[in-house]
2 protein chains.
Amino acid sequence: MTAEATIARILAHPRFREAAAVMAREHDRTVADIVALTEIPAPPYGEAERAAAYLDMLRAHGLEEVEQDAIGNVMGRRRGIGNGSTVVVAAHLDTVFPAGTDVRVRREGTRLFAPGIGDDTRSLAVNLAFLRAIDAAGIRTRADILFLGDVGEEGLGDLRGVRHFFTEGRHRDRVEAFFTVDSPDVDRIVTGGIGSKRYRVTFRGPGGHSFSAFGLVNPAYAMARAMLTLSALPAPDDPETTHCASVLGGGTSVNAIPNAVWMEVDLRSRSAAELARLERDFLAGVEAAVAAENAARSTEQGAVTAECTPIGDRPAGNTAPDAAIVQLATAAVAAQGYAPQHEYSSTDANIPMSLGVPAVKIGSGGSGGRAHSLEEWIDVEPGESLRGMTASLAAILAVAGMEE
Amino acid sequence: MTAEATIARILAHPRFREAAAVMAREHDRTVADIVALTEIPAPPYGEAERAAAYLDMLRAHGLEEVEQDAIGNVMGRRRGIGNGSTVVVAAHLDTVFPAGTDVRVRREGTRLFAPGIGDDTRSLAVNLAFLRAIDAAGIRTRADILFLGDVGEEGLGDLRGVRHFFTEGRHRDRVEAFFTVDSPDVDRIVTGGIGSKRYRVTFRGPGGHSFSAFGLVNPAYAMARAMLTLSALPAPDDPETTHCASVLGGGTSVNAIPNAVWMEVDLRSRSAAELARLERDFLAGVEAAVAAENAARSTEQGAVTAECTPIGDRPAGNTAPDAAIVQLATAAVAAQGYAPQHEYSSTDANIPMSLGVPAVKIGSGGSGGRAHSLEEWIDVEPGESLRGMTASLAAILAVAGMEE
């Protein structure tokens, strides 16, 4: 059966229609959950309070094995009728906003404004709406569905929640597919994860007076050379690969050779192999730049050294266009009248993609904008919201094997 | 007559001996003046309160034409018996310490501890002691002696007080010689001024996302190239010439091509011609680096530019070893049993030296240490203090033409 046919049969199924009706009836509750969760701050590395609240909500929804793991993810399992093979439906708990950010929700008509409301708090509430709907409609699936609220998706969180889930978590060997529901747009299906490696490189030297110690090695020159080497590294268009020296600093006084300077570097690729090559070449370039500076000037008071500290590591990966999860998600989105696009991005799906687990990012429905800004907003107008939710729920049920 | 003979005759003169006796009798008053002036804060660009106090002291000492000029220097003239040709005896009002620094003086035996006490507050009080002594002893000189308390000697003050005095001041055309009394040591006579040019260079570009805007020009790479060009510029040992990239910064986020980065650069030379050549080559290197970056990557969203802002300009210069002021100062120091050394440094004397006005830095007497630190100290033990003061006063009177 084609993906389109599978989706069509699900959409036509009385139990699915009942589930969609439940979501519509309960839309106000979903919105209330969005507001409640949004107003619990969840800054990077500060998701505990929201995680505890979400854990209670998962338990209240009657899931089994409701738990919080060692890194702070919360989750619960809805049993299928199969062998325990598991489809994960995730949303991330964290926002990019620091502690102290005003996270109160302001409402203007069907628009809700608050930091983090679309990315990704709405999805946490929408996943609960999915759960209530399929429970109320008596839907059974072949696979278990594990609902996951994960920590550390954003920025320096560096995907640590989902990384932990797939490297240490007790469910990791049973996962057959992974959905991350992230941000409202349902037409943009993320099927590839851009890998990134980020480093902070600190170059140190003996320092000294700019005049009386002239001739000693200068760590700024080692850094300059490392930057120029980076700037000239190959960066193929396909698979798309990029590099950037982005933030830098150091030195103490205009009349002193600096003791230390530093730079941050961002390396990215759609291809894990290209990313590994780029990383290797970058690190070799740093080493060569240090050696060149130590050869160019006096090391009598000490040599220049470089310390490369990883500050980000998101593995590249992708789910093949012909994988069932991609085909079904695409068909489900198209069936609601959207024009699905396949994209590469950096999301929780990077981790399973990098491990060969079929994974996509889908949307929570409705619209939104200004993510990562204090003006972040979503629209919860019921028609558009439910259309998107219907698409995503159909995709999930198709992959989990909804019983006919 | 040799310089040694001139100094010997001055030292043996009954009026000079009386002047030295006055300094000895009034030593406690000199110390009290040091303490009083030290405890008036004089941070960079904040010398006004101390200047006002010193202006009052100059006036109380009976000088003529006591005044404060437009930039904040205070001064007064002691008439000579000649044609008004003038010898300047300066000390700088400013310290390196910021507003709010605790400048109270702590005394341990003959040691006084306080920020700025030796560099250069002691000299302000010692110059007043010189004035009282020669007045009390009835000494007359051929030249007028202009006592100057000047602003802006330290750091970013950039010698603005003495620069103004010699470029705008109404006395500038009558100056035949210039002494700056700066810090206690009398054996280290500064006869050369190391010139310096300091720049803050800001490189700007369009910026953009590190991944999606990859390929656009990056101002950090232009800066890196400018740094490496600087690092390779010739820096002769003689005349000693140096260059340094010292402080740098810029960028906003690890995942963004920076909009702007900046560096501070220090260029120095004993030779004005070498310094000018170095500056020209450095600025040309910045321009070439910008051009290279704009050629290496896309300028579609805008090109990289560089803005070179001067943040320091101390002219190089020197007073010839056979100039009378050097010979006389050296003989006066040697006559007190010190081993005089000639040094290059960066002091108020840079300005007259650069203009061809004979100038040296001499000492205020006694000992001291830890200048520019919060632990700065001086020793006011009378014997050593008066020995140094006697040397410096003899040098001044020799240059000003003490009447036999």
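Begin by selecting residues 195-286 of chain A, where UniProt, in an unreviewed entry, places the feature "domain: Peptidase M20 dimerisation"; UniProt positions are given in the numbering used here, feature names are shortened, and annotations may be inferred rather than shown by experiment. The model is predicted, so local features need pLDDT of at least 70 and side-chain atom pairs count only at pLDDT 80 or more, while totals for chains, interfaces and linings use all residues. Residues are numbered from 1 along each chain as its sequence is written, chains are lettered from A and ligands numbered from 1 in the order in which they are written, and side-chain values use heavy atoms, with hydrogens and water left out.

Within the selected span, 30% is helix and 37% is strand, and its end C-alpha atoms lie 21 Å apart; helices (H or I, at least four residues) and strands (E, at least two) are DSSP runs, numbered from the N terminus.

Next, show both chains together. Here 43 residues of chain A are in contact (heavy atoms within 4.5 Å) with 43 residues of chain B. The buried area, meaning the accessible area (1.4 Å probe) that two parts lose on being put together, summed over both, is about 3500 Å² between chain A and chain B, with carbon and sulfur atoms giving 68% of it. On the chain A side, select A:Phe211, A:Tyr221 and A:Val254, which lose the most area to chain B and together make up 22% of what that side buries.

Now colour the elements of chain A that touch chain B: helix 7 (219-231), strand 11 (241-250), strand 12 (256-257) and strand 13 (260-269) each supply at least two residues of that side. Strand 11 of chain A gives the largest share, 10 residues.

Which strand of chain B pairs with strand 11 of chain A? Strand 11 (residues 241-250) of chain B does, in the antiparallel sense and over three bridges, where pairing requires that DSSP finds at least two bridges between two strands. Within strand 11 of chain B, pick B:Leu248, which stands opposite A:Gly250.

From there, step back to A:Pro239, in the loop between helix 7 and strand 11 of chain A. The peptide bond from A:Asp238 to A:Pro239 is cis, with omega near 0°.

Finish in chain B with B:Glu65, in strand 1 (residues 64-68), whose phi is near 50°, a positive value in a residue other than glycine. Most residues other than glycine have a negative phi, and most peptide bonds are trans.
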